[in-house]
Amino acid sequence: MIIGIFTGLIWFALVLLAHLAVLWIAPPSDRARLGQLVFLFGFVAVVASSATLATYFDEPSSSKSLIAYSALAGVLAYGAPLTLYLPFYYSIVASLSLQTIILMNRQSDRSLPIAKLRRRFASRQFVAQRLATMARNRFVVAGQDSYSLTIKGRRVAQTFLFFKDLWHLGAGG
Amino acid sequence: MKGILLSAAAGLLLFAFSTACLRYFTPSNRVRALGLLFLVVLLLLVVIHLSTPPDLGFLGKEALISGEYFDLFFALGLFTAGFFGGILQIYNLADRGLSLRMLIDILEDRSGALSTDEMMVRYGHNQGIVWMYDKRIRDMKFSGLIVESNENLVLTERGAFLARAYSALRTVAHVEEPDPIS
């Protein structure tokens with residue numbers, strides 16, 4: 001199992017570098033899709049390589065269950081840092097609060113009027129851009145003058161609506 | 001395997017505690033409450049791991065990791081990832097996710113479709129998009145990142161430090177800087 005754990009961690013480091021390469025090389029419109037492919041490739045590579053290495057290094061005692069344990073440990077060792085990395089990456093890219101403080105930090109007096117910030121982050125243009133991005137990512141589909149959910153969007157909405165109800169979170173957003 | 005099983009059990013326990021806490025106690029600072037629960041269950045995980053046999057009484061030889069402390073660290077890593085990347089992340093998305101809220105607003109609409117103008121006012125269960133941004137301003141004030149002065153928002157030292165750090169990270173991630181506000 002130790003082989004699986006180290007294999008998972010090494011693949012995570014490699015996938016992180018590959019993701020950075022995608023961010024620097026690929027055009028912005030392709031980055032999300034290519035990033036997903038890189039992460040998926042990482043999972044396949046972890047299973048294949050940890051199972052192969054377990055067979056190679058533990059040859060005398062190798063059994064199906066040993067290989068399965070090694071692959072499981074590898075997937076978990078790869079998936080655990082990935083679940084920490086992905087939300088962190090998306091907060092860097094998309095957080096409105098972070099964009100707000102970065103904009104404020106660029107001002108000589110580190111200050112901005114609330115009205116101007118609202119015009120940027122609570123405007124019709126902002127909502128239109130966000131809906132267009134969601135349509136590009138196939139969560140919604142644009143009709144004549146409105147947006148409706150795709151099957152993927154409906155599933156995501158229903159899943160999180162379940163958690164909102166379960167945890168009594170209120171409207172949120 | 002012991003570490004994997006115990007971290008999975010600890011994760012389920014934390015999920016149950018978190019659900020009970022959010023449903024029945026409605027804490028004023030939910031993130032802090034979840035963080036405290038995480039620490040309590042983390043401590044419990046360490047105690048149980050150190051006080052149980054490596055095979056838990058039923059695991060086969062092939063399922064054991066050589067090195068009890070290595071297994072413990074693996075368990076702690078999995079549990080921590082499960083909290084910060086799992087429970088806390090689901091909470092953050094469910095409570096603060098902008099796109100997610102838009103999806104839910106469309107789902108809850110009778111016609112099942114919303115225009116951009118309708119979204120402006122219907123966002124967040126009819127609270128509107130300005131409410132969304134004001135909520136973020138309120139949270140940033142609460143976190144000590146900004147203060148309000150004469151209809152202006154002013155960055156604190158802490159906020160400026162965070163802005164510089166994230167600006168550097170955005171450069172590493174090759175994210176374009178937001179257009180300046182004139």
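Analyst: Happy to. Let's begin with R118(A), which is partly exposed at 30% relative accessibility; here buried means under 20% relative accessible area, exposed over 50%, and partly exposed in between, with a 1.4 Å probe and protein chains only. Its salt-bridge partner is D134(B), with the closest N and O atoms 2.9 Å apart. R118(A) lies in helix α5 (residues 114–121) of chain A and D134(B) in helix α6 (residues 129–142) of chain B, so this pair joins two chains. D134(B) is partly exposed too, with a relative accessible area of 23%.

A word on the ground rules: this is a predicted model, where local features need pLDDT of at least 70, side-chain atom pairs count only at pLDDT 80 or more, and totals for chains, interfaces and linings use all residues. Side-chain values use heavy atoms, leaving out hydrogens and water. Helices are DSSP runs of H or I with at least four residues, strands are E runs of at least two, and both are numbered from the N terminus.

Within chain B, D95(B) and R30(B) form a salt bridge at 3.3 Å between the closest N and O atoms. This pair links distant parts of the chain, 65 residues apart: D95(B) is in helix α3 (residues 68–96) and R30(B) in helix α2 (residues 30–51). D95(B) is buried at 8%, while R30(B) is partly exposed at 22%. Elsewhere, R101(B), D105(B) and E108(B) are joined into one network by salt bridges that share partners.

Terms used: Residues are numbered from 1 along each chain as its sequence is written. Chains are lettered from A and ligands numbered from 1 in the order in which they are written. A salt bridge is a side-chain nitrogen of Lys or Arg within 4 Å of a carboxyl oxygen of Asp or Glu.
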